[in-house]
Amino acid sequence: MKLLFVSTPVGALGSGIGGGVELSLYNLAQEMIRRGHSLQILAPADSTLDDLPIVQISGNLQIIAQSLDRSAAYAKHMPEGLIAMPKNPVLANMWDYVRRVESEYDLIVNFAYDWLPFYLTSFLKSPVAHLVSMGSLSDAMDEIIVQTSKQFPGTLGFYTPQQVATFPELTPPIYYLSSGIDLSLYQFCGQPKQQLAWLGRISPEKGLEDGLAVANGTNISLVIMGKIQDEAYWQKVQQDYPNAPFEYLGFLSTREMQQVLREAQALIMTPRWVEAFGNVAIEALACGVPVISYTRGGPASIIQDGKTGFLVEPDNVAGLIEATKRLGEINRQTCRNVAEAEFSLEELGERYEKWFIDILNFRL
Ligand code: HBI
């Protein structure tokens, strides 16, 4: 197949602003090329992705949907369900490029959680597969997602059932794609140091304050890695936990990040929202690191309670702290084995290739 991947407009690939979708796009692109498909990636200017083919598109980055969600302060003063875009939007420039080249591809794959690509689907001749990268955030996105699932059944892909459950009724077939990583990049570690890890975009929906509360409660140092997306939030959580032992290492490459992650006794995941998946959880398992998280969103479908980590009642920090005392019950090799069985690139490629072929067959 000739595939055109259209990336998220919130940040250049490699910047970390695109969070899990950057990793998903990179891993999937690699795997599709390995399977013999030809592939082109469209992404905002200044994107880097190793040696993968990227067409850089200029224009102003899109506002992240989390800041425009239902609870956003602006929503109180504005009409219901506004769809926001900056002037000279990179999102529109990317899809204008799609319009010009679409006849050269069998399938276009949209990675943006934005209104425009869903709306443009019926304007294009080539089929569009939409990877929905988050749970329900706004009425405008819910509406266009529901509409697209009705008009183009089978063209919406999600990570998990927990993510799909946050949306209004969608027209089947619905594809649950889970996720997958290049396991060869993650080295198993059987002897961890006295430290816990927290990974992800530093932004309110990720609940970093609970991670610091665990460090405070256990007096075990929390190693934090990820892009600071909300500086004010980052300052606030540090002020709220002045004595919590932690180290912030910034946004690292996968290679550097896993060298630190693998030595952790556990990864602490503290999603405040319904995390669609949680790629960081399978990165931890791949290193043999158990995951302690809330029974909310993607982590609830990744972690096997008592076997590859512990699932705790949402927002119950004391429960997270209790779970750190039970880590001796977890066999770290089992964590790595589960990652190999369920979250390899081959498994990922299998699921996506079936989805893409189903879309093309349905259209013929
Ligand atoms: N917001 N508007 C918008 N568009 C996206 O594609 C988007 C986003 N916020 C976050 C995001 N994508 C990625 O971090 C996903 O991995 C969640």
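This is a predicted model: local features need pLDDT of at least 70, side-chain atom pairs count only at pLDDT 80 or more; totals for chains, interfaces and linings use all residues.
Residues are numbered from 1 along each chain as its sequence is written, and side-chain values use heavy atoms, with hydrogens and water left out.

Y352 also shows up in the largest nonpolar core, which has 87 residues; together with F5, I41, L208, L222, L267 and F356, Y352 touches the most other members. A nonpolar core is a set of buried Ala, Val, Leu, Ile, Met, Phe, Trp, Tyr and Cys residues joined through side-chain atoms within 4.5 Å, with buried meaning under 20% relative accessible area (1.4 Å probe, protein chains only). At least three residues of this core come from each of domain 1 (2-180 + 345-363) and domain 2 (183-342). A separate core of 19 residues includes L4, V55, W95 and A112.

The two domains, whose bounds come from an automatic or database domain assignment, have centres 27 Å apart, taken over C-alpha atoms. Where they meet, 24 residues of domain 1 are in contact with 19 residues of domain 2.

Then there is the ligand. Around it sit 19 residues, and T8, G18, A65, Q66 and D114 come nearest; to be counted, a residue needs a heavy atom within 4 Å of the ligand. By class, this shell has 10 nonpolar, seven polar and two charged residues, where Ala, Val, Leu, Ile, Met, Phe, Trp, Tyr, Cys and Pro count as nonpolar, Asp, Glu, Lys and Arg as charged, and the others, Gly among them, as polar.

Taken alone, the ligand exposes 390 Å², of which the protein buries 97% (Shrake-Rupley method, 1.4 Å probe).

Terms used
Buried means under 20% relative accessible area, exposed over 50%, partly exposed in between (1.4 Å probe, protein chains only). Contact means heavy atoms within 4.5 Å.
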